[in-house]
Amino acid sequence: MCKVISVSNQKGGVGKTVSCVNLGIGLARSGKKVLLIDADPQGSLTISLGYDEPDKMENTLATILMKVINDEEFAQNACLIRHNEGVDLLPGNIELSGLEISINGVISRETILKQYVDRMREFYDYIIIDCMPSLGLLTINALACADSVLIPVQAAYLPVKGLQQLIKTIGRVKRQLNPELEIEGILLTMVDNRTNYAKDIVKQVHEVYSESIKVFDAEIPLSVRAAETSEEGSSLYQYDPKGKAAVAYSDFIKEVLMKEGE
């Protein structure tokens, strides 16, 4: 049974892509078959997995979505790249920006990605989608095809303040497009526990949200190593396996699997 998780936050710089990489590779290290989809025109996930110039790639998510729109045939492994840490990647690049504009007039424009994802479910245990940092049509597509949404939130005032808008959008998608959509949980990132400020933010998130939404016990600490992994094209488990961020992501993976009863 495949689970599709969209990793989303309209606020940029909250550790969304790093969380996507380490969630996907962490699940693969636990023996799961994982597909990562880069649904961000900036190609952040693609770059983070070692492909420095996504805009030069000819075969990407935009290629697949155009084939879906035009009702063209494509192979199950079309446009996929196998990463050396055991996950498959469907890369994304700037072509997604043009595509987002051009699909405005397409019938069922909110469910184009769903048509692809539903076809891929039989081949994977987890499909994880890295959303762009906005609530545009590509993000709506990602929410419309997902079983759940993971919300990484930096332990700071403005990112936490923006949570309400994202939760409202998720609720709207659930009502209008995807009745099965649930919130996987809130993952606190870039937590600097040396400061009272960060501790107060973490406490506030738990107090406001934990009754209605799961707030993961694992907190991802502020880490230079985590930021460096994007340049290395690898996960924290490979780049800095004994570091505090890698340990925190390992604890997070255990919570995700426990939540699934695995």
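Reader: Where is serine 108 found?

Author: Serine 108 sits in the loop between α4 (95-102) and α5 (112-120). Helices (H or I, at least four residues) and strands (E, at least two) are DSSP runs, numbered from the N terminus. Please note that this is a predicted model, in which local features need pLDDT of at least 70 and side-chain atom pairs count only at pLDDT 80 or more, while totals for chains, interfaces and linings use all residues. Residues are numbered from 1 along each chain as its sequence is written, and side-chain values use heavy atoms, with hydrogens and water left out.

Reader: What is the phi of serine 108?

Author: The phi of serine 108 is near 55 degrees, a positive value in a residue other than glycine. Most residues other than glycine have a negative phi.

Reader: Is serine 108 exposed or partly exposed?

Author: Serine 108 is partly exposed, at a relative accessible area of 41%. Buried means under 20% relative accessible area, exposed means over 50%, and partly exposed lies in between (1.4 Å probe, protein chains only).

Reader: Now to the helices. How many residues of helix α6 are buried?

Author: Nine of the nine residues of α6 (residues 137-145) are buried, so this helix is largely enclosed by the rest of the structure. Among them are Leu137, Asn141 and Cys145.

Reader: And which residues of β5 are buried on one side and on the other?

Author: On one side they are Tyr126, Ile128 and Asp130, and on the other Ile127, Ile129 and Cys131. Strand β5 (residues 126-131) is thus mostly covered, with six of its six residues buried.

Reader: In what sense do β1 and β5 pair?

Author: Strand β1 (residues 3-7) pairs with β5 in the parallel sense, over five bridges. Two strands pair if DSSP finds at least two bridges between them. Isoleucine 5 stands opposite isoleucine 128 of β5. Strand β2 (residues 34-39) also pairs with β5 in the parallel sense, over six bridges, and there valine 34 has tyrosine 126 as its bridge partner.

Reader: How many disulfides does a search of the whole structure find?

Author: The search finds zero disulfides, a disulfide being a pair of cysteine sulfur atoms within 2.5 Å. For cysteine 2, the nearest cysteine sulfur is that of cysteine 145, 10 Å away. For cysteine 131, the nearest is that of cysteine 20, 8.3 Å away. Cysteine 131 is buried, with a relative accessible area of 0%, and cysteine 2 counts as buried at 9%.

Reader: What is asparagine 22 in contact with?

Author: Leaving aside neighbours within four places in sequence, asparagine 22 is in contact (heavy atoms within 4.5 Å) with Ser235, Leu236, Tyr237, Tyr249 and Ile253. Asparagine 22 is part of helix α1 (residues 16-29) and counts as buried at 1% relative accessibility.
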